[in-house]
Amino acid sequence: MGEDTLGANCLSPTSGITVQYVFETHVGELREALAGLADLVPAIDEAAGAIARSLEQGGTVFAAGNGGSAAEAQHFTAELLGRLRPDRDRDALRAMALHAETSTLTAVANDYGYDDVFARQVRGLGRAGDVFVGLSTSGSSPNVVRAAEAADALDMVTIALVGGSVAGLHDVCEHVLAVPSTAIGAIQECHLVLVHLLVERAEDILFGARWADA
């Protein structure tokens with residue numbers, strides 16, 4: 001038999017690019033981006049501290065994004081409401097993903113336009129001291145930028161999870177966690193790491209003493 005057509009070195013029937021090449025390119029971009037996250041540790045700590053202070057005072061964390069970033073925003077709020085690690089149980093934390101309520105999302109999009117789907121919810125639900133977390137690989141998604149602007153106007157804490165390209169969210173948000181990459185896949189995958197770090201650090205701040213005494 002000839003070369004195994006399902007092996008790691010098989011050619012794409014359309015491009016001629018090997019699976020091995022795709023793997024090495026993607027993993028290489030991810031490895032480089034992950035290494036760059038070390039420079040964000042102080043900013044991660046500051047953002048997590050702001051989240052913890054808001055939650056401790058009865059605030060709510062709102063998160064928003066589009067496509068894959070929407071999925072990661074919902075992942076983030078799910079872990080705040082649920083928990084990150086099964087060996088560290090704790091109280092539920094107030095959090096909401098703004099894209100997940102489809103009737104509101106589609107009504108606002110229909111009546112006001114898609115660029116306002118998150119900002120209108122922030123203006124209706126957000127209060128001073130709450131937190132808005134906007135996820136955007138480009139940093140320029142109009143609906144996320146407008147939501148951050150609305151949050152800033154309400155004196156909410158604003159946090160951006162973005163990529164290496166400087167854009168609108170960089171200028172609006174108080175805390176900017178910028179993955180040092182322009183590769184969309186690597187940025188999204190690093191955003192998931194950042195989500196986990198933010199949740200875990202916020203949990204440490206809020207509940208670490210309880211767990212230490214257990």
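This report covers the fold, the strand pairing, the salt bridges and a charged patch of one predicted protein model.

## Overall fold

The model is predicted. The protein has 8 helices and 5 strands. Their order along the sequence is α-α-β-α-β-α-α-β-α-β-α-β-α.

The C-alpha atoms fill a box of roughly 65 × 50 × 30 Å along the principal axes. The chain has 214 residues, and buried ones make up 43% of them.

## Strands 4 and 5

Strand 4 spans residues 157-162, and strand 5 spans residues 175-178. The two pair in the parallel sense, over 4 bridges. Within this pairing, alanine 160 stands opposite valine 176 of strand 5.

Which side chains of strand 5 are buried? His175 and Leu177 are, and they point to one face.

## Salt bridges between helix 8 and a loop

The structure holds 8 salt bridges. One of them joins glutamate 200 and arginine 85, with an N to O distance of 3.0 Å. Glutamate 200 sits in helix 8 (residues 184-213), and arginine 85 sits in the loop between helix 3 (68-81) and strand 2 (95-97), so the contact ties together parts 115 residues apart in sequence. Glutamate 200 is partly exposed, at 25% relative accessible area. Arginine 85 is also partly exposed, at 29%.

Aspartate 204 forms a salt bridge with arginine 88, and the closest N and O atoms are 2.0 Å apart. This pair again links distant parts of the chain: aspartate 204 belongs to helix 8, arginine 88 to the loop between helix 3 and strand 2, and 116 residues separate them. How accessible are the partners? Aspartate 204 is partly exposed, with 28% relative accessibility. Arginine 88 is buried because its relative accessible area is 11%, under the 20% cut-off.

Arginine 90 and glutamate 203 meet in a salt bridge too, at 2.8 Å from N to O. Arginine 90 lies in the loop between helix 3 and strand 2, glutamate 203 lies in helix 8, and the two are 113 residues apart. Both arginine 90 and glutamate 203 are buried.

## A salt-bridge network

Which residues are linked in a network of salt bridges? They are Arg85, Asp87, Arg88, Glu200 and Asp204. The network includes the two partners of the 3.0 Å contact, glutamate 200 and arginine 85. It also includes the two partners of the 2.0 Å contact, aspartate 204 and arginine 88.

## Aspartate 155 and the negative patch

Five residues form a negative surface patch: Glu46, Glu149, Asp152, Asp155 and Glu174. Where does aspartate 155 lie? Its place is the loop between helix 6 (142-153) and strand 4 (157-162).

Is aspartate 155 buried or exposed? Its relative accessible area is 57%. The cut-off for exposed is over 50%, so aspartate 155 counts as exposed. Its backbone also deserves a look: phi is positive, about 65 degrees, although aspartate 155 is not a glycine. Loop position, exposure and positive phi thus all belong to one member of the negative patch.

How values were computed:
Residues numbered from 1 in each chain as written. Predicted model: local features only at pLDDT ≥ 70, side-chain atom pairs only at ≥ 80, totals over all residues. Heavy atoms only, no water. Patch = residues over 30% accessible without salt bridge, like charges linked within 9 Å, V, L, I, M, F, W, Y side chains within 5 Å. Areas by Shrake-Rupley, 256 points an atom, 1.4 Å probe, with all protein chains shown as cover. Salt bridge = Lys/Arg side-chain N within 4 Å of Asp/Glu carboxyl O. Lys, Arg positive; Asp, Glu negative; His and termini not counted. Charge placed at Lys NZ, Arg CZ, Asp CG, Glu CD. Buried < 20%, exposed > 50% of the residue type's maximum accessible area, 1.4 Å probe, protein only. Pairing = 2+ DSSP bridges.
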